[in-house]
Amino acid sequence: MRIGELAGATGTTARALRHYEQAGLISSQRAANGYRVYDERAVVRVRNIRYLLAAGLTLDDVRVFLPCLDGDVAAAPPSDKGLRVALDRLAVLEERIAAQTEARDRLQAALRRTAGGRIRPVA
């Protein structure tokens, strides 16, 4: 299938697919006219990549899962290395959330002070 067909089958864009290919997560062959051609297995692989990205992992993180990207990533137990990568990413996300929460709280307090209490707190 060509890149547009793969994009349609996986709910992504041709640009994202080229990015995944550049990152070494998927591969294609070239047709005589230079178009990228993917086999049917690429559909599962791209869906798994998107699943892992949606879970908060980065493309670099996803590389750890290369050996299992052609199977059911969501149902398979993670390897020790995969679990470690996921836990490390979770720690990074928790740090970012804490920093953003602190920034929000500081801004909210400043607004309350300067706006004379007209600002309602964000839940």
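A pocket is an open set of grid points with protein on both sides within 12 Å along at least five of seven lines, and its lining residues have an atom within 4 Å of a point. In the present structure, which is a predicted model, the second largest pocket takes the largest share of its lining, three residues, from helix α3. The space in this pocket amounts to about 190 Å³. Its lining consists of L25, I26, S27, S28, Q29, V37, Y38, D39, R41, A42, R45 and D70. By class, these residues divide into five nonpolar, three polar and four charged.

Two residues of this lining, R45 and D70, also form a salt bridge with each other, in which the closest N and O atoms are 2.9 Å apart. D70 lies in the loop between α4 and α5, whereas R45 belongs to helix α3, so the pair ties together parts that are 25 residues apart in sequence. D70, at 46% relative accessibility, counts as partly exposed.

The search of the whole structure finds seven salt bridges. Another of these joins D60 and R63, with the closest N and O atoms 2.2 Å apart. D60 is exposed, with a relative accessible area of 53%, while R63 is partly exposed, with a value of 33%. A further salt bridge is formed between the side chains of R106 and E102, with an N to O distance of 3.9 Å. Both residues lie in helix α5, four residues apart, about one turn of the helix. R106 has a relative accessible area of 54% and is therefore exposed, whereas E102, at 48%, is partly exposed.

Helix α5 spans residues 80-114 and also contains D88. With a relative accessible area of 48%, D88 is partly exposed. The C-alpha atoms of D88 and I26 are 24 Å apart in space, and the two residues are separated by 62 positions in sequence. I26 is one of the residues that line the second largest pocket.

The largest pocket has a volume of about 340 Å³. It is lined by 18 residues, of which L52, L57, F65, G82 and A86 are the closest to its centre. Two elements, α3 and α5, each give two or more residues to this lining. The largest share comes from α5, with seven residues. The lining comprises 16 nonpolar residues, one polar residue and one charged residue.

Beyond residues up to four places away in sequence, L17 touches I3, L6, A7, T12, I26, Y38 and V46.

How values were computed
Residues numbered from 1 in each chain as written. Predicted model: local features only at pLDDT ≥ 70, side-chain atom pairs only at ≥ 80, totals over all residues. Heavy atoms only, no water. Contact = heavy atoms within 4.5 Å. Buried < 20%, exposed > 50% of the residue type's maximum accessible area, 1.4 Å probe, protein only. Salt bridge = Lys/Arg side-chain N within 4 Å of Asp/Glu carboxyl O. 1 Å grid on protein atoms, 1.4 Å probe; cavity = no way out; pocket = protein on both sides within 12 Å on 5 of 7 lines; lining within 4 Å. Points joined across faces, edges and corners; volume = space filled by probe spheres on them. Nonpolar A, V, L, I, M, F, W, Y, C, P; charged D, E, K, R; others polar.
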